Amino acid sequence: MDNNYDVIIIGAGPAGLTAAVYAGRAGLKTAMLEYEAPGGKMIKTDIVCNYPGVDNVSGVDLSMKMFEHSTAYGAEYIYGEVSEIIDEGEWKIVKASGTEYKTHAVIIATGTNERTLGFADDERLLGKGLSYCAVCDGAFFKNKDVVVIGGGNSALEESVYLTQFANKVDLVIRRDVFRGDEANQRQVLNNPKINVIRKHVPVDYIVTDEGKVGGIKFKDVETGVELDVASEGVFPYIGAIPATGFLANHEGMVDEEGYLIVNEQLETVIPGIFGAGDVIQKHLRQIVTATSDGAITAQNAFHHIQNLKSKV
Ligand code: NAP
């Protein structure tokens, strides 16, 4: 198998999928490396309401449409979890799941992973009432009480989604105001199945004798008084951690939080390596800003490769 490419895109969320459309259409030999289903966070979203032209589309449908589009111009979709990028100047080596790929340009579009609560049982309770994906697991909580933690857009949207199944959703936020958009706040506050608990932080899970989630203990941030909320499901949506661990050997690529540092042209400090989507430092993390990044990075990768070829 020929593992040499013009451009390798790491991650197949909206940024990576769009970069693949543009790179493919520019005639570049393109591969996308991904170790999950295409769509990234989008595929775990119930309904997308703010992508122009496709009001109220399911996250799964939009993911599949973008995926089909991304391969329509020749980009290959390859299973692979990237562990390292080696910069050899004109060529970059990308190591993924035991295979080495050679490429002139890399677009990092790896997005972010869910932040966990940091409790001892975080791993043990996964699938036993603890979930980070309401769209994947919500149906398991039919007529049950669930808790959602966080006040950002993810927590607000997924709380509303969970009300289709759950008997009651306790949405617990640590301040007295939400972080998410007004439109999402309105949906939450108008939903009779959602009970908002303000100014409480999680302390630990309550675990049943069978080793499953039985609820979660919170603490009032002002009084310190503890509050036990019984529930069979806990959905933490408390933000994200950028997926940039594979860049640990490179100086100056990421900031102190791990987000990729890029300039206005979405170039990193290494010529030929670009960043797109939620993984880069930015103010607005949306599907529409991710797709914009994807287009810009593919175009700039094209120019980078043309420059390399004109020097030969
Ligand atoms: P986020 O916007 O960073 O919100 C995280 C929330 O979790 C905040 O309310 C934060 O509280 C709370 N939190 C953080 N650590 C906590 C802890 N240890 N205990 C309790 N609460 C904690 O994260 P997100 O909702 O996952 O969204 C990530 C990005 O994607 C955002 O830019 C968001 O706008 C975007 N997004 C957009 C949409 C949309 O536009 N439809 C949908 C989903 C996501 P504080 O507010 O007090 O800090």
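1. Ile-108 has Gly-275 as its bridge partner in β18. Strand β18 (residues 273-275) runs parallel to β8, and 3 bridges join the two; strands are taken to pair if DSSP finds at least two bridges between them. Helices (H or I, at least four residues) and strands (E, at least two) are DSSP runs numbered from the N terminus.

2. The model is predicted: local features need pLDDT of at least 70 and side-chain atom pairs count only at pLDDT 80 or more, while totals for chains, interfaces and linings use all residues. Residues are numbered from 1 along each chain as its sequence is written, and side-chain values use heavy atoms, with hydrogens and water left out.

3. Strand β8 also pairs with β1 and β7. With strand β1 (residues 4-10) it runs parallel through 6 bridges, and Ile-10 has Ile-108 as its bridge partner. With strand β7 (residues 91-96) it runs antiparallel through 5 bridges; here Lys-92 is partnered by Thr-103. The hairpin of β7 and β8 has 2 residues between the strands, and Ser-97 takes a positive phi near 45°.

4. Strand β8 (residues 99-108) is largely enclosed by the rest of the structure, because 7 of its 10 residues are buried (buried: under 20% relative accessible area; exposed: over 50%; partly exposed: in between; 1.4 Å probe, protein chains only).

5. The ligand is surrounded by 17 residues, the closest being Gly-151, Glu-157, Arg-175, Arg-179 and Gln-286; a residue counts if one of its heavy atoms lies within 4 Å. Helix α4 (residues 153-162) gives the most to this shell, with 3 residues.

6. Oxygen atoms of the ligand lie 3.0 Å from a polar side-chain atom of Ser-154, 3.0 Å from one of Arg-174 and 3.3 Å from an N or O atom in the side chain of Asn-50. The protein covers 78% of the 910 Å² of accessible area that the ligand has on its own (Shrake-Rupley method, 1.4 Å probe).

7. A search of the whole structure finds 5 aromatic pairs (ring centres within 6.5 Å; planes under 30 degrees apart are stacked, over 60 edge-to-face, the rest tilted). Phe-67 and Tyr-77 have centres 4.9 Å apart and planes at 75°, so the pair is edge-to-face. Phe-67 is partly exposed at 22%, and Tyr-77 is partly exposed at 27%.

8. Phe-141 and Phe-235 are likewise edge-to-face, with centres 5.4 Å apart and planes at 75°. Phe-141 lies in the loop between α3 and β10 and Phe-235 in strand β16 (residues 233-236), so the pair ties together parts 94 residues apart in sequence. Both Phe-141 and Phe-235 are buried.

Key. A polar contact is a pair of N or O atoms within 3.5 Å; within protein, one must be able to donate a hydrogen and the other to accept it, and residues adjacent in sequence count only if both atoms are side-chain atoms. Rings of Phe, Tyr and Trp (its six-membered ring) pair if their centres lie within 6.5 Å; planes under 30 degrees apart count as stacked, over 60 as edge-to-face and the rest as tilted.
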